[in-house]
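Q: Can you walk me through this one? I'm new to reading structures.

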Amino acid sequence: MKYRYSKYTGDPLDDLDLEDLVSKLSDLLLASGFGSPYGGGEDERTMQALHDAILDALFNGGLLPEETIQQLLGDPADGDQEDVRSKLEELIQQIIERMGEQGYITMPPDLEAERQRRSGRGGGQGPDQPPVTFEVTDKTLDFLGYRALRDLLGSLGKSSFGRHDTREQATGVETTGAPKPYEFGDTMNLDAAATLLSAVEREARDSSTVQTPAGRPRRINVTHEDLMVVQGEYQSSCATVLMLDCSHSMILYGEDRFTPAKRVALALAQLIKIQYPGDALNVVLFHDSAEEIPLAELGRVRVGPYYTNTREGLRLARRILDRQRKDMRQIIMITDGKPSALTQADGRIYKNAFGLDPFIVAETCAEVAACRKSGIMINTFMLARDYDLVSFVRRVAEICKGKAYFTTPYTLGQYVLMDYMDKKTKTIH
């Protein structure tokens, strides 16, 4: 009897970094309805969609070494492609199960039914059987926010997270220069080491200093002239309301603008959590109306009704910020459409999507003026450049003395994060 031995090639999963895979699947995991802009179902988060996305990431995302890919595909000359497909399906199922075990997704109770449905052996066939779906966990959303923040800061040349930990333990001041003698009016941010050194030097210079008897410890007497303070930057506390336009225009016209906006929002939440823990962040969605959502639900939000009720979003944001007692209060509004809806006093919603309705614009600008009166800054990040839209955004910026950024889904994150960090500091003594 002859035996044929082959070289041990190992498990392909050994070469796979699950975190890199989750990052590659972020468009699917943060799906906003772009795949079905006229439907309200969760069709994008089916097990079949996950299967296809993993397959594409494995072979086109650079997640596996070239040798491993060649081993998975096999040699076409062998003619046993059915066995190759079977092994590939088994590998993808193992990856899905591992994602569930490590808490990245919540899988359906029984994956066997889904396997049978795809292979045509029953278990969910037919138009009356809905596809099996999965749920994205909070762990995944938190991780995607962290990765988005790291990638965005890396593109700005600020990828190092080294200083974040020190700021989290600080009381609002970060050292930027040498200590200086305290003067009346300076912030009492004492440098203990420099103060003691100053006192020792003063006593050494003072010829009237009484010598300490041998064997007794010497005391250092600190006076007001010895006080040394740290020169630094004051990290102001900030309350931010992130207003996200989730009208259907955010996923129409062949471009998904809402998913990049959610990714930036998750990155901003991570930035505040890691680097500015004293800040507050709330999220308001506006469409036909407006509502506040918990930050934990941000990654699961999909586009809503069709119109854009900007005034209602601003009004809700102003009410939220009026309850905050922070050094700075601001609204970050991300939108791609002009205001086209208005909530009237009786609760009915007036809608007009054709051009800039003078009534809607006037009421919206009145709310902008109310925000300015309350000391709230409004920074608008516009994802479209229609002539009417540009003129409206500039008018908003003029009223509230805020900023208007005309950007794209690809550069939105850089603009938002840089704007947020630039206004956080001022030099103090």
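Q: How many salt bridges does the count come to?
A: The count comes to 14 salt bridges. A salt bridge is a side-chain nitrogen of Lys or Arg within 4 Å of a carboxyl oxygen of Asp or Glu. This is a predicted model: local features need pLDDT of at least 70, side-chain atom pairs count only at pLDDT 80 or more, and totals for chains, interfaces and linings use all residues. Residues are numbered from 1 along each chain as its sequence is written, and side-chain values use heavy atoms, leaving out hydrogens and water.

Q: OK, which residue meets Arg147 in a salt bridge?
A: Glu19 does, at 3.7 Å from N to O. The pair links distant parts of the chain: Arg147 sits in helix 7 (residues 138–155) and Glu19 in helix 1 (residues 18–24), 128 residues apart. Helices here are DSSP runs of H or I, at least four residues, and strands are E runs of at least two, numbered from the N terminus.

Q: And Arg147, buried or exposed?
A: Arg147 counts as buried, at 11% relative accessibility. Buried means under 20% relative accessible area, exposed over 50%, partly exposed in between (1.4 Å probe, protein chains only). Glu19 is partly exposed at 35%.

Q: Switching topic: which residues of helix 12 are buried?
A: Ile360, Val361, Thr364, Cys365, Glu367, Val368 and Cys371. They cover an arc of only 155° around the axis, so they are on the same side of helix 12. That arc uses the directions from the helix axis to the C-beta atoms.

Q: Which exposed residues are on the face turned away?
A: Pro358 and Lys373.
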